[in-house]
Amino acid sequence: MTVELKLSRIFQFKTLLGIISPIVAVITAFVVGALVILVFIKSFELTESAFVRLAEKGVPAAVLDNLQVLKGKEYPNKSTFEKDLRAAIGDQNYAQYNRTIKKEALTRENPLTVYDAIFTAALKDRDGWGNVIYRATPLILTGLAVALAFQCGLFNIGGEGQMVMGGFAITWIGFTFVKLPAFLLIPMCILGGAIVGGIWGGIPGYLKARRGVHEVVTTIMLNWIAVAFTQYLTMAYKPKESWIPHTYEIAKSAQLSRLAHYLNPLGIDFPKSNLLNTAVLLSIFAVIFAAYLLRRTKLGYEIRSVGFNPTAAECAGINVAKNTVLAMAISGAMAGLAGVNQVMGYKHRFRYGVFEGMGFDGIGVAFIGRNSPLGVVLAALLFGILDHGGLAIDVSTKVPREIILVLKAVILIFVVISGEITKRVIKRIQKRQEARA
Amino acid sequence: MESILAIMASSIRFSIPYTLAGLGGTYSERSGVVNIGLEGMMLIGAFTAVAVANATGSAWLGLLAAIIAGMLLGVIHGVVCVTFKADQIVSGLAIIIFAAGITVFFAWLLFNQTQIKSEAYLRVPLLHDIPAFKVLFSEIPPMIFLTAAIVIVSHFVIFKTVFGLRLRAVGEHPQAADTLGISVDKMRYTGVIISGALAGMAGAYLSLEHAHYFVKGISAGRGFIGLASMIFGKWTPFGTAGAGLLFGFGEALKPYLPKVVPSQFIDMIPYVLTIFVLASAVGRAAPPAAIGIPYIKE
């Protein structure tokens, strides 16, 4: 076997593992989520069939008669059920039969119905997946931000800050230059968001390159500075009559139209209430841009070299400092554009609540997507499904929708663990092949 | 004069969660593990404290439960970062997201609401009956003394004991420590678990003593201010406590400030100062050398 052939085999194996490991992680996380639901979601209800079973188990008819008061009532809480049960059948019978009755009355939630509710709500019709894509749109941008910086060996957890700073810039331009026509104002808003986000991302890049400060700490701190600063700005630009802490509305010419506006005239039926808007085109463009930048340009090559081995890159004449600042600035610009969807496409005003958490979700998206542009899109869609589908489980099941956050956290944990295991497996295989050669 | 005293007292009260979380960060980072999950550990602590205190009627049991809950999250962080050598930042982030989800999840399940009033108070059993102490404790929560004691003990533990020396060795140069027969993994686990315990305690203070209730997202970035206190205090217990006091002072000053100074600018101070001490040329803070790098035995 020639060396080239062996190398290509390793490469294929690596890609395959790279694709499989996040999938395994996601599935494992769903299993853990199912266990959480099975263990903790329980309620007590005495149904008709429970009465039959209780009679079979030898519970006297007199007790069963007393129990009729509780029939059909649902108790999500064990202690209230116990209280009512004791009141209904008396202390003595309670002591004798409470275990049997509780066992028969206990109903658990089937995790599969919960997952089914999530995926049905997210994917069953155009409205569902339209909302999924709408929710994925900003996550693609914040995810790309993390992925791009990671390619340069930098961990940008400042997406949240870069996003709100960019988002505020977009809003400010949108409500300040109200006289401008759409074809000027929309590009100005987008550019403004990218520049301000880029500056906010460039600061930690500069501090890393010039002063050797680790970017993780500075980006964390800059997140909170950005949140406090935009909160101040929001109050400063709040309409006087408004009780809600949000800014003035952006000009009509800066607002993006919903996709239904274009699809309906074409004869494609798409609900008008669906939030999916033209900002999604920007996200698609950003994905193509990121993929092109990384794979086809000199800058992308340099960024990846610095990420792969900064010392070697330095020796090869690549300016590590310059690439560090540039990678962080481009990364920040990407995150800064998340506001295009959130402000220009949806809220038309600035409010932190519209953004909250999306910068951090971007980190999850990047890691699940293994820091590749295409992977980021898929992971963002997964998060979109969870976010949109999660709204449905509050209505149709007894599970609080915060289970979605738990799922996201567990996915994240398993993704980093499986990524690490994959890395070790690949290393071991390479070593073995080297030893054989 | 009275307002100066009031500001001083409330500075100390505000500083407790920062100091405790910062100390937690110190133990973890001294052992070489970054713990940005402090925020999440704090949140879980805050919830557990109220839930257990309300169920048992004892706030001290609530505090204990919060410490245990924090430690459990510390174990998770340890498993991910020390055993599996996975990324410490992502693990910390996952812990924050997990805590934000699981606390509200259980708040809905157990209490059917996201704001839970704390019905028990932290009281020192015998001392509290003495009139003089009664006045003292109504003004100054007993956890202040506990925190002060922990700060002093931590200083001795980290800098004057064999355990502390090993902890720091593992965080500065794990290979060397390993060569001398110190188990890097064991020391790092210990550091992270202590860190979880202290962050859980900080959370219990927030819900039991500071706010008297638990509400969704009550930690509100205080874990990160704890992290900032640790960095500003250059990874030392006394430094962390000092920084915690400084940031608490800023918080206490807020109601007394003239209107021209927006409170949001006070909020930024800890973060701006942290970046400043990390980047400045004079009196620069340097983290432990092996921080964030998993130790893999060759």
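## Chain B as a whole

In chain B, residues 24 or more positions apart account for 78% of the contacts with a separation of 6 or more, two residues being in contact if their C-beta atoms, placed from the backbone, lie within 7 Å. The model is predicted, local features need pLDDT of at least 70, side-chain atom pairs count only at pLDDT 80 or more, and totals for chains, interfaces and linings use all residues. Residues are numbered from 1 along each chain as its sequence is written, while chains are lettered from A and ligands numbered from 1 in the order in which they are written.

Twelve helices and two strands form the secondary structure of chain B (DSSP runs numbered from the N terminus, helices being H or I of at least four residues and strands E of at least two). Its C-alpha trace spans about 60 × 45 × 40 Å along the principal axes.

## Helices 2 and 4 of chain B

The axes of helix 2 (residues 38-56) of chain B and helix 4 (residues 88-111) of chain B come within 7 Å and cross at roughly 20°, where axes are lines fitted to C-alpha atoms, for helices over the stretch in contact, and angles run from 0 to 180 degrees between N-to-C directions. Helix 2 of chain B and helix 4 of chain B are therefore roughly parallel to each other (angles under 35 degrees). Residues making the contact include Phe47(B) and Ala51(B) of helix 2 of chain B and Thr103(B) and Phe106(B) of helix 4 of chain B.

## Chain A

Chain A holds 19 helices and three strands, and its C-alpha atoms fill a box of roughly 90 × 75 × 50 Å, taken along the principal axes.

Definitions and conventions
Angles under 35 degrees count as roughly parallel, over 145 as roughly antiparallel, 65 to 115 as roughly perpendicular and the rest as oblique.
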